[in-house]
Amino acid sequence: MIEPLKIESIEPIDVYSLRHVGDYLKCDTVWNQLIEFAWKNNLKTEKTKFYGISYDDPDVVETTKLRYDACITNIKNVAVSNGVESKKIEGGKYAIFMHKGSYEKLIDTYTSIYGLWIQKNNMELRDIPPVEQYTVMDVKPEDLRTEICPT
């Protein structure tokens with residue numbers, strides 16, 4: 001059974017986000033648009049962090065209606081455009097799990113977290129969506145690293 005790396009309280013995180021509706025595995029276009037926004041506004045630095053917020057359970061919600069926000073940290077205030085919004089990732093207590101490998105396999109890690117760990121540990125969740133932080137990117141799929149933070 002998967003275990004969290006740690007359980008910690010985090011501060012709210014200011015981000016720029018762009019919404020994708022549809023298959024979670026087909027949000028490349030939204031990410032490309034957000035990265036272009038970041039480059040144009042000098043927001044992409046070595047301190048920039050990348051997050052994803054998945055709002056819907058694909059076992060319950062039709063694939064064409066799944067909502068996902070691609071997010072980057074807001075390191076400075078700039079004018080938003082082309083669907084990019086300024087928002088906050090809610091702070092609070094999070095269990096932080098590490099997913100190793102391709103994004104196609106994220107569902108397996110989510111199943112382990114929600115189907116086993118949360119139930120076994122009688123965790124009470126807040127009514128906000130889980131957050132993913134993409135800590136290792138631009139590598140072969142098997143080398144990707146994603147922190148999953150259920151709330």
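Strands and helices here are DSSP runs, with at least two residues (E) for a strand and at least four (H or I) for a helix, numbered from the N terminus. The model is a predicted one, in which local features need pLDDT of at least 70 and side-chain atom pairs count only at pLDDT 80 or more, while totals for chains, interfaces and linings use all residues. Residues are numbered from 1 along each chain as its sequence is written, and side-chain values use heavy atoms, with hydrogens and water left out.

Let me stay with β3. It pairs with β7 in the antiparallel sense over three bridges, and two strands count as paired if DSSP finds at least two bridges between them. With β4, strand β3 also runs antiparallel, joined by five bridges. Within that pairing, glycine 52 stands opposite alanine 70, and tyrosine 51 has cysteine 71 as its bridge partner.

How is β3 placed relative to the rest of the structure? Five of its five residues are buried, so the strand is largely enclosed; buried means under 20% relative accessible area, exposed over 50%, and partly exposed in between, with a 1.4 Å probe and protein chains only. In a regular strand, side chains alternate between the two faces of the sheet. In β3 both faces are covered, with Phe50, Gly52 and Ser54 on one side and Tyr51 and Ile53 on the other.

Turning to the whole sheet, it is open and has eight strands, in the order β1-β6-β8-β7-β3-β4-β2-β5, with antiparallel pairing. The edge strands, β1 and β5 (85-89), each pair on one side only. On average, neighbouring strands are turned by 35 degrees against each other, direction ignored. At one end, β1 and β6 pair over five bridges, and glutamate 8 stands opposite tyrosine 94 in β6. Further along, seven bridges join the antiparallel strands β2 and β4, with valine 21 partnered by arginine 67 in β4. Strand β4 is mostly covered, as six of its seven residues are buried.

Next, the helices. Helix α1 lies across β2, β3 (50-54), β4 and β7, running at about 25 degrees to β4. Such axes are lines fitted to C-alpha atoms, for helices over the stretch in contact, and the angles run from 0 to 180 degrees between N-to-C directions.

Which residues touch the most other members of the largest nonpolar core? Among its 17 residues, they are Trp31, Leu34, Tyr68 and Ile72. A nonpolar core is a set of buried Ala, Val, Leu, Ile, Met, Phe, Trp, Tyr and Cys residues joined through side-chain atoms within 4.5 Å. β2 (13-21), α1 (28-40) and β4 (67-73) each supply at least two residues of this core, and α1 gives the most, with five.

Leaving aside neighbours within four places in sequence, tryptophan 31 is in contact (heavy atoms within 4.5 Å) with residues including Phe50, Tyr68 and Tyr134.

Finally, helix α2 has buried residues that pack against β1 (6-10), β6 (92-100), β7 (131-136) and β8 (145-149). Those residues are Leu106, Thr109, Tyr110, Ile113, Trp117 and Ile118. Just after α2, asparagine 122 takes a positive phi of about 50 degrees.
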